[in-house]
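Have your viewer ready and colour by secondary structure if you like.

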Amino acid sequence: MGQLIAVAVITVLAVISPGADFAMTVRNSYLYGRTAGVLAAVGIALGVLVHVTYTMLGVGLLLSRTPALFTAMKLIGAAYLVYVGYRTFVTRPPADIDLSDGGGMSKAGALRTGFLTNALNPKTMLFVLSAYTQVVSADTPVLQQAGYGLFMSLAHLVWFALAALLFSQESLRARLLRRQTVLNKAIGAVLVGLGVVLALTPSTA
């Protein structure tokens, strides 16, 4: 019971803290609609499972203790955030407001943006690794370990799906799209800034 509570607390704190995943969900939701936002949330949850899988296999500890590998992963993740941020920053809004669902982004593209945001995010890796090293012991059954990972993924899915539903709500989305130029630049700048900070942060776990 104590382990479950610890995992729940660590997970909730990690999920609700603002970051690239939240910015990406908001971006997809108001620009492209509910489907794109929810699929980004699904991708984010799947990205968490990537970190859970290799952490359970012991690779996560290896990554965190191998500076060259950790730095490479960090720089790839940072480059992705800068790329998406730049693309968002320079996007020119159409003359007419389009409230259609999914216009301008394929379902695969929406899923991919969420997945890469978390799968390439070393902060997500460190969150998962920290949770497992603090809570899971050698005696913890594999199925129980997998259950913790599924809970982490589900928590991300629920939180970011709710965010997608909020920011794709028609009246709110219409208001946001009327301010699309400013919002694109703000979200783009945030993503670029997160990427730069990530790239410049010392590679220590």
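This is a predicted model: local features need pLDDT of at least 70, side-chain atom pairs count only at pLDDT 80 or more; totals for chains, interfaces and linings use all residues.

Start with helix α3, which covers residues 34-56. Its 23 residues reach 33 Å from the first C-alpha to the last, close to the 33 Å expected at 1.5 Å a residue. If you follow the chain just past the end of α3, you come to G58, whose phi is positive at about 90°.

Now look at helix α2, made of residues 20-32. The axes of α2 and α3 lie 6 Å apart, and the two helices pack at an angle of about 160°. Angles over 145 degrees count as roughly antiparallel, and α2 and α3 are therefore roughly antiparallel to each other. Their crossing is right-handed. On the α2 side, the contact is made by D21, T25, N28, S29 and Y32, while α3 brings R34, A36, G37, A40 and I44. Sorted by class, this contact has four nonpolar, four polar and two charged residues.

The other partner is helix α6, residues 107-119. Here α3 and α6 pack at about 40°, with their axes 6 Å apart, and the crossing is again right-handed. From α3, the contributors include L39, V42, L46 and V50; from α6, they include A110, L111, F115 and A119. By class, the contact of α3 with α6 has twelve nonpolar, seven polar and one charged residues.

Methods
Residues are numbered from 1 along each chain as its sequence is written. Side-chain values use heavy atoms; hydrogens and water are left out. Helices (H or I, at least four residues) and strands (E, at least two) are DSSP runs, numbered from the N terminus. The expected span of a helix is 1.5 Å times one less than its number of residues. Axes are lines fitted to C-alpha atoms, for helices over the stretch in contact, and angles run from 0 to 180 degrees between N-to-C directions. Angles under 35 degrees count as roughly parallel, over 145 as roughly antiparallel, 65 to 115 as roughly perpendicular and the rest as oblique. A crossing is left-handed if the near helix is turned anticlockwise from the far one by less than a right angle, and right-handed if clockwise. Contact means heavy atoms within 4.5 Å. Ala, Val, Leu, Ile, Met, Phe, Trp, Tyr, Cys and Pro count as nonpolar, Asp, Glu, Lys and Arg as charged, and the others, Gly among them, as polar.
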